Amino acid sequence: MISSLSLPLITTPLLAFVVTISMVWWLIKDNTLKIFDYPNSRSLHTTPVTRTGGLGMLSGISISWILLSAPLPLSIWIGVSILLAVSFADDILTLSVWWRLLTHGAVAIWFAAGLLADAHGWLITAIATVVIVWVINLYNFMDGSDGLVGGMTLIGFGCYGLAAWLVGNETFALLNFCISAAAGAFLLFNFHPARIFMGDVGTIPLGFLVAAFGLLGWINGSWLLWLPLMVFSPFVADASVTLVKRCLRREKIWQGHREHYYQRLVQSGFGHRKTALLGYVLMLAAGASAVWAVGQDVIIQLGIGTAWCGAYLTMMLVFDFYWRRRNSG
């Protein structure tokens with residue numbers, strides 16, 4: 001006999017998967033919207049590709065959440081809606097970077113203030129706001145290679161869900177599993193050669209959910225605050241180090257480029273498929289070690305975090321050396 005708990009465990013992620021796969025298939029077949037990502041000097045693709053996949057994903061996520069009837073802060077529902085609307089407009093019209101950042105900041109402030117201000121004070125709220133805005137944009141920066149962000153979303157929110165499930169927070173786990181299932185459906189069309197891209201309409205709201213759910217899991221006792229950082233550490237390491245390097249060179253950091261490690265890996269001949277698969281391996285390993293470490297002593301947690309920092313630093317230094325030799329010869 002199916003228990004009352006196992007039924008939503010099956011039906012809600014399955015619904016997210018089915019709705020997403022149906023919507024994404026329709027978005028590929030029907031060109032009514034005619035929103036394409038055209039190749040340019042910063043692109044890694046060579047032909048125009050539809051970039052509305054995020055609409056399909058968020059449709060699947062939203063409908064499954066409604067069925068689940070899980071209590072979520074109003075700031076998440078409205079925040080995702082605002083970010084979706086502004087990002088969709090940006091995909092069509094190419095809005096000013098300042099308008100986009102203003103929107104990201106407003107949504108981040110509203111969410112962080114409502115969640116943290118009373119219990120943790122305004123300093124923590126301000127720090128959380130900056131982190132949320134950074135993760136929103138980080139997720140967008142990392143969406144430049146077939147299958148990468150879709151796979152990271154599948155794995156990352158899957159790890160969130162597993163961590164919450166293991167401590168008995170089944171409802172919060174299901175919310176995360178729904179996002180993971182929607183990402184899995186999208187990935188069927190986005191793995192190389194991609195037939196559709198996520199677009200800002202997908203990456204921006206998902207980046208917000210990465211940060212918002214990371215904080216919610218900490219507040220509701222599902223995990224320690226470092227777990228979200230470690231789960232998404234392949235993204236965090238690549239985007240953060242690349243940003244610092246560009247700042248040091250006094251480049252315009254808001255302009256598109258092809259200097260992320262994953263972009264240079266594709267350009268070096270590794271290709272979209274292998275780059276995505278390498279990203280999946282890194283994130284599965286980082287996520288698994290994070291979920292396991294939650295129940296361990298603080299010394300072990302610090303050791304795992306230090307080991308991952310050393311691993312990322314080593315990989316970056318080795319690749320930087322290879323890249324310099326490749327381009328100098």
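This is a predicted model: local features need pLDDT of at least 70, side-chain atom pairs count only at pLDDT 80 or more; totals for chains, interfaces and linings use all residues.
Residues are numbered from 1 along each chain as its sequence is written, and side-chain values use heavy atoms, with hydrogens and water left out. Local features need pLDDT of at least 70 and side-chain atom pairs count only at pLDDT 80 or more, while totals for chains, interfaces and linings use all residues.

The largest nonpolar core has 87 residues. Such a core is a set of buried Ala, Val, Leu, Ile, Met, Phe, Trp, Tyr and Cys residues joined through side-chain atoms within 4.5 Å; buried means under 20% relative accessible area, exposed over 50%, and partly exposed in between (1.4 Å probe, protein chains only). Among the members that touch the most others are Trp 65, Ile 132 and Phe 208. Beyond four places in sequence, Phe 208 is in contact (heavy atoms within 4.5 Å) with residues including Ile 76, Leu 83, Phe 111 and Ile 132.

Thr 129 lies in helix H4, residues 97–141, where helices are DSSP runs of H or I, at least four residues, numbered from the N terminus. Thr 129 counts as buried, at 12% relative accessibility. Leaving out residues up to four places away in sequence, Thr 129 touches Gly 105, Ala 108, Ile 109 and Ala 112. A polar atom of the Thr 129 side chain lies 2.8 Å from the backbone oxygen of Thr 125.

The whole structure has 0 disulfides, a disulfide being a pair of cysteine sulfur atoms within 2.5 Å. For Cys 178, the nearest cysteine sulfur is that of Cys 159, 16 Å away. Cys 178 is buried, with a relative accessible area of 0%.

Note on methods:
Helices (H or I, at least four residues) and strands (E, at least two) are DSSP runs, numbered from the N terminus. A polar contact is a pair of N or O atoms within 3.5 Å; within protein, one must be able to donate a hydrogen and the other to accept it, and residues adjacent in sequence count only if both atoms are side-chain atoms.
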